[in-house]
Amino acid sequence: MFKQRSAVLTTIVVVIALLGVRHARADMAGGVLATPSGASTQAQARMRYVAAGDMHTCVVLHNGSVKCFGLGADGQLGNGTGLDSGYSTSSSVATTAAIELGLRRTARAIAVGSAHSCALLDNFTVKCWGRSTYGQLGYGDTVSRGDGAGEMAALVAIDFGGGRTSTAIAVGSEHSCALLDNSAVKCWGRNQYGQLGYGDTDSRGDGAGEMGVALPAIDFGTGRTARAIAAGKYFTCALLDNFAVTCWGANTGGQLGLGDTTERTSPTALPAIDFGSGLTARALSAGDDHVCAILDDGALKCWGAASSGALGSGSTTDIGNEPGEMGSALAAVSLSTSETAIAVSAGKSHSCALLSNNTLKCFGNGADGRLGQDSQTTL
């Protein structure tokens, strides 16, 4: 799956936070687990979280250690070499050491973008590594990290100012966001479409003095705070304290859900996305150019770019880019006659939903078998 920005991790963080899912499990028989002391033991590893980016993937294992594999040229794997991993027996994920997150530090969650990765650590701090062309690592420069010896050990926590910590993270193609312990949201990195939410198109985090207290919290309107965040390719969404959803940034396919294709650089004065009949959202995931939300009645609704049927609407016509397409006019995805959606993840041009009977259904672009149907058929 080719994803310009990673929303998968965002989805997992949102779903776990809101729905109480413990972890996604995958057995890695005969794998080698790195312990905090650096020793390795043979074990059957379980994944707690998984995040897929453009050309690399990261997992948080059951002991809180992190492994990344795939393309590593910009340091996004955090292996201190810039080399790729996972493509042959000589670069096996099982024998690859866990990423150095700091003395006795483990990860709660992981998020990946086009060529960078961010981890939410056990002490609720955030560290990012990989490409930093636009400051998406949040260290006040454009220096890549994770591709040289000793760079991960020297990696410091991102400064959010005022002693603030983070409870969730979301990563877009070249921007990053954190939901803080006071329910505020801060974003940094590339901002050419206003995806950072500050009312302008200036990148942040690529120059000295731009992080910490200098990085403002996003203004969602008087008294409004965030429960969860999701990052698309060049846009960002938030689930607010009143369970309303608002999105800002690029809007080429109507992914902001406002009935047009005009980009927005701030959510401050934006109306909440209309789901119809007083319905509100409980979880959401952002793909490259589309969004899916689980509503309070268990229904799943998707809008934005409909390439290859990623919205599950039975059509490839974009939704949300014209007036009158949201609200009650936006039909729920027909997943089951009796089951509801309890988790959702949106990719570049496909989406997957976990149902209440623990079955998984995916729809959209079926190339490379990404829908799990033993074919490459688009559904």
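Guide: Asp241 counts as partly exposed, at 23% relative accessibility; on this scale buried is under 20% relative accessible area, exposed is over 50%, and partly exposed is in between, using a 1.4 Å probe and protein chains only. Its partner is Arg224, and their side chains meet in a salt bridge, 2.7 Å from N to O. This pair links distant parts of the chain, 17 residues apart: Arg224 is in the loop between strand S11 (185-189) and strand S12 (226-231), while Asp241 is in the loop between strand S13 (235-240) and strand S14 (245-249). Strands here are DSSP runs of E, at least two residues, numbered from the N terminus. Arg224 is partly exposed too, with 32% relative accessibility. A salt bridge means a side-chain nitrogen of Lys or Arg within 4 Å of a carboxyl oxygen of Asp or Glu, and that rule gives a count of 9.

A word on what you're looking at: it's a predicted model, so local features need pLDDT of at least 70 and side-chain atom pairs count only at pLDDT 80 or more, though totals for chains, interfaces and linings use all residues. Residues are numbered from 1 along each chain as its sequence is written, and side-chain values use heavy atoms, with hydrogens and water left out. The pLDDT, the predictor's confidence in each residue from 0 to 100, averages 88 over the chain.

Further along there's another salt bridge, between Asp260 and Arg264, with the closest N and O atoms 2.9 Å apart. Asp260 is partly exposed, at 21%.

Now for the nonpolar side. A nonpolar core is a set of buried Ala, Val, Leu, Ile, Met, Phe, Trp, Tyr and Cys residues joined through side-chain atoms within 4.5 Å. The largest one has 51 residues, and Ile110 and Trp129 have the most contacts inside it. Apart from that core lies another, of 34 residues, including Leu239, Val245 and Cys292.

Cys292 lies in strand S16 (residues 290-295) and Cys302 in strand S17 (residues 300-304), so the bond ties together parts 10 residues apart in sequence. The torsion about the S-S bond is about 110°, so this disulfide is right-handed. Cys292 is buried at 0%, and Cys302 is buried at 2%.

Key:
Helices (H or I, at least four residues) and strands (E, at least two) are DSSP runs, numbered from the N terminus. A disulfide is a pair of cysteine sulfur atoms within 2.5 Å.
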